[in-house]
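Here are my notes on the model, as numbered points. Please read them with the coordinates open.

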Amino acid sequence: MSNTNTPASIAAEVRDNLNLRSSTDIPPNTTTSPTAPSAAPLSSSAVTDLHDFDHKCLFCNIVAGKSPCYEVYSNEDVICFLDIYPLHPGHTLVIPKKHYKDLSLMPGELAAACMNVVPKVARSLMAATKTKDFNVMLNSGKLAGQEVFHAHFHIIPRSKGDSLSKTWCTWSTQPLKSELAKTLTAAIKQDINQSTAPL
Ligand code: 5GP
Ligand code: ZN
């Protein structure tokens, strides 16, 4: 989440930096395999079956063990590793091992599998960073600030006087207008009821 660089240049820089380091400095992906993830522990929808692994995706390559990361936790479905540009020490990313461009394309159960590990990982990273508070955040889509198009949650420890604003973004809010609220509620409910996509 660099303000000045593009994701591509960040990634290139990271890879360059990591390649220049001594082998002891390169983080081992101890629990990942050198090949693309194969079996799908979770049942998946027809839509998502197309998107198991993207060879050009930074995070798929981390999952596959082809790119290094500082892994803090993984299980069948999820891997968690330190963000290379942390907003706070301990800033961790939680990603599904299967490739989904963004949250809207993920099966609900896989999103739940990601969120399921968040409290456990957050507790441990709070202990490690001696913090008590944290934000969980997810950017879905370019306009929402997503830079790496492999869905991921951020866990960001917070401490007094850190450089982050109290709320994640500086929101410019307006009171909810009842007419718009009614129209939107009806439209959303209708779409949810008509949708054939699995939760
Ligand atoms: P987004 O803006 O897509 O929600 O966040 C992407 C995050 O991924 C950023 O915070 C960025 O620092 C991090 N990131 C980008 N490339 C890599 C990488 O190769 N390794 C790791 N560990 N983090 C990365
Ligand atoms: Zn991917």
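1. Lysine 130 is exposed, at a relative accessible area of 76%. The cut-offs are as follows: buried is under 20% relative accessible area, exposed is over 50%, and partly exposed is in between, with a 1.4 Å probe and protein chains only. Lysine 130 sits in the loop between H4 and strand E4 (133–137). Its phi is near 55 degrees, a positive value in a residue other than glycine.

2. A word on the basis. This is a predicted model: local features need pLDDT of at least 70, side-chain atom pairs count only at pLDDT 80 or more, and totals for chains, interfaces and linings use all residues. Residues are numbered from 1 along each chain as its sequence is written, chains are lettered from A and ligands numbered from 1 in the order written, and side-chain values use heavy atoms, leaving out hydrogens and water.

3. Overall make-up. The protein chain has five helices and five strands. Helices (H or I, at least four residues) and strands (E, at least two) are DSSP runs, numbered from the N terminus. The order from the N terminus is α-α-α-β-β-β-α-β-β-α. Of the 199 residues in the protein chain, 36% are buried.

4. Contacts and surface. Take the contacts in the protein chain with a separation of 6 or more: 62% of them involve residues 24 or more positions apart. Contact here means heavy atoms within 4.5 Å.

5. Which residues hold the zinc ion (ligand 2)? Its protein donors are Cys57 (SG), Cys60 (SG), His99 (ND1) and His150 (ND1), at 2.0 to 2.3 Å. Donors are N, O and S atoms within 2.8 Å of the metal (3.2 Å for Na, K and Ca); water is not among the atoms, so sites may look incomplete. The donors follow the spacing C-x2-C-x38-H-x50-H along the chain. Cysteine 57 and histidine 99 link distant parts of the chain, 42 residues apart. Cysteine 57 is in the loop between helix H2 (46–49) and helix H3 (58–63). Histidine 99 is in the loop between strand E3 (92–96) and helix H4 (108–129). Cysteine 57 is buried, at 7% relative accessibility. Histidine 99 is buried too, with a relative accessible area of 7%.

6. Zinc geometry. The site of the zinc ion (ligand 2) is tetrahedral, with angles of 103 to 118 degrees among its four donor atoms. Four donors count as tetrahedral if all angles lie between 85 and 135 degrees.

7. The sheet. Five strands form an open sheet in the order E1-E2-E3-E5-E4, with antiparallel pairing. The edge strands are strand E1 (71–74) and E4, each pairing on one side only. From one strand to the next, the twist averages 20 degrees. Two strands pair if DSSP finds at least two bridges between them. H4 packs on the sheet and touches E1, strand E2 (78–82), E3, E4 and E5. The direction of H4 makes about 20 degrees with that of E5. Axes are lines fitted to C-alpha atoms, for helices over the stretch in contact, and angles run from 0 to 180 degrees between N-to-C directions.

8. The E1–E2 hairpin. E1 and E2 form a hairpin with three residues between them. Their antiparallel pairing runs over three bridges. Glutamate 71, in strand E1, has phenylalanine 81 in E2 as its bridge partner. Is glutamate 71 buried or exposed? Glutamate 71 is buried, with a relative accessible area of 18%. The C-alpha atoms of glutamate 71 and leucine 82 are 6.6 Å apart, although the two are eleven residues apart along the chain.

9. Strand E3. E3 is mostly covered: five of its five residues are buried. Thr92, Val94 and Pro96 point one way, Leu93 and Ile95 the other. Five bridges join E3 to E2, running antiparallel; there, valine 78 stands opposite proline 96. E3 also pairs with strand E5 (residues 153–158), antiparallel, over three bridges. Threonine 92 stands opposite isoleucine 155 in E5.

Definitions and conventions. Four donors count as tetrahedral if all angles lie between 85 and 135 degrees; four count as square planar and six as octahedral if opposite donors are over 155 degrees apart and all others between 65 and 115; anything else is irregular.
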